[in-house]
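Please walk through this protein with its sequence and fold side by side. Start with the strands, then turn to the core, the pocket and the loops.

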Amino acid sequence: LTILTPVPDIQVTDSVDPAGDLLVNFGSVVDDGRSNAISTRSVTIANVGKASLSVLQNGVALSGGTHYRIESIYSSLQDFISLSSGAQTLASNGRETWLVTLVFDPTTTGTVNDVLSIASDDPDEALVQVSLTGVGLAVPDVAVDRPSVEFGPCSADGSGLRGVERVVQLRNEGSGLLTISQNGIGLISGTNFSLVSITSSV
């Protein structure tokens, strides 16, 4: 006679394809100070075993935590989860999921890695580790050579005839590449003024 004891079985996926590779890529984010530019991803924890799964106290944690943070842990059955004061239980047979929301907020440039560790009483996967990676970008800083432009008098002799031209210089004083959006330089109305040309110094 064989008696099988029900056991928990943790299953961890993430929001970046392929979902089950235990690797989360946050892409590129500008290093512009805390809580400005950020990238958000999520990791989902489920229990597909036939017994409840216990996630240990402080059992969902980051190895470093300097450039990444755990924003929240939300249960589909229990609302928000806190593991700071003790272990919490995840229902069996996939009836409950925990959504771990992660934020990448770099304070340096270049590739930045961290590891999300999930510790539980799963008999053969007591510790699941998810690799986190992202790139911090240098900050661009757009500047113009004058706050306003004075054109002086000009004859109102009709469109396309005599006009007064002025030049405004745009530069990037930051350490990162500055990207100008499509149609990102233009006039609000263009009724009495027109944009003649845009030329680069390089």
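In what order do the five strands of the open sheet lie? This is a predicted model. In it, the order is β1-β3-β8-β5-β6, and the pairing is antiparallel. The edges of the sheet are β1 and β6, the latter covering residues 79-80. Each of these two strands pairs on one side only.

Strands of a sheet pair through backbone hydrogen bonds, either parallel or antiparallel. Take the β1 side of the sheet. Strand β1 spans residues 10-14, and strand β3 spans residues 39-47. Five bridges hold this antiparallel pair. Now step across to β8, residues 97-104. Here β3 and β8 run antiparallel and are joined by eight bridges.

The largest nonpolar core holds 27 residues. Val43, Ile45, Val60, Trp98, Leu116, Ile118 and Leu132 touch the most other members. At least two residues come from each of β1, β2 (23-30), β3, β4 (53-62), β5 (68-75), β8, β9 (110-120) and β10 (127-137).

Next comes the largest pocket. Its volume is about 1,600 Å³. The lining counts 42 residues. Nearest the centre lie Phe151, Arg166, Ser194, Leu195 and Val196. Strand β12, residues 170-172, gives the most to this lining, with three residues. How does the lining divide by class? There are 18 nonpolar, 18 polar and six charged residues.

Now for the loops. Most residues other than glycine have a negative phi, and most peptide bonds are trans. A few places here depart from that pattern. Begin with the loop between β1 and β2, where Pro18 is found. A cis peptide bond joins Asp17 and Pro18, with omega about -10°. Leu22 is found in the loop between β1 and β2 as well. Phi of Leu22 is near 55°, a positive value in a residue other than glycine. Is Leu22 buried or partly exposed? Leu22 counts as partly exposed because its relative accessible area is 30%, which falls between the cut-offs of 20% and 50%.

Asn93 lies in another loop, between β7 (88-90) and β8. Asn93 is not a glycine, yet its phi is positive, about 60°. Its relative accessibility is 46%, so Asn93 counts as partly exposed.

Finish in the loop between β9 and β10, where Asp124 is found. Asp124 counts as exposed because its relative accessibility is 63%, over the 50% cut-off. Asp124 and Pro8 are 116 residues apart in sequence. In space, their C-alpha atoms are 9.5 Å apart.

Key. Residues are numbered from 1 along each chain as its sequence is written. This is a predicted model: local features need pLDDT of at least 70, side-chain atom pairs count only at pLDDT 80 or more; totals for chains, interfaces and linings use all residues. Side-chain values use heavy atoms; hydrogens and water are left out. Two strands pair if DSSP finds at least two bridges between them. Helices (H or I, at least four residues) and strands (E, at least two) are DSSP runs, numbered from the N terminus. On a 1 Å grid over the protein atoms alone, a cavity is a set of points where a 1.4 Å probe fits but cannot get out, and a pocket is an open set with protein on both sides within 12 Å along at least five of seven lines; lining residues have an atom within 4 Å of a point. Grid points are joined across faces, edges and corners, and a volume is the space filled by probe spheres set on the points. Ala, Val, Leu, Ile, Met, Phe, Trp, Tyr, Cys and Pro count as nonpolar, Asp, Glu, Lys and Arg as charged, and the others, Gly among them, as polar. A nonpolar core is a set of buried Ala, Val, Leu, Ile, Met, Phe, Trp, Tyr and Cys residues joined through side-chain atoms within 4.5 Å. Buried means under 20% relative accessible area, exposed over 50%, partly exposed in between (1.4 Å probe, protein chains only).
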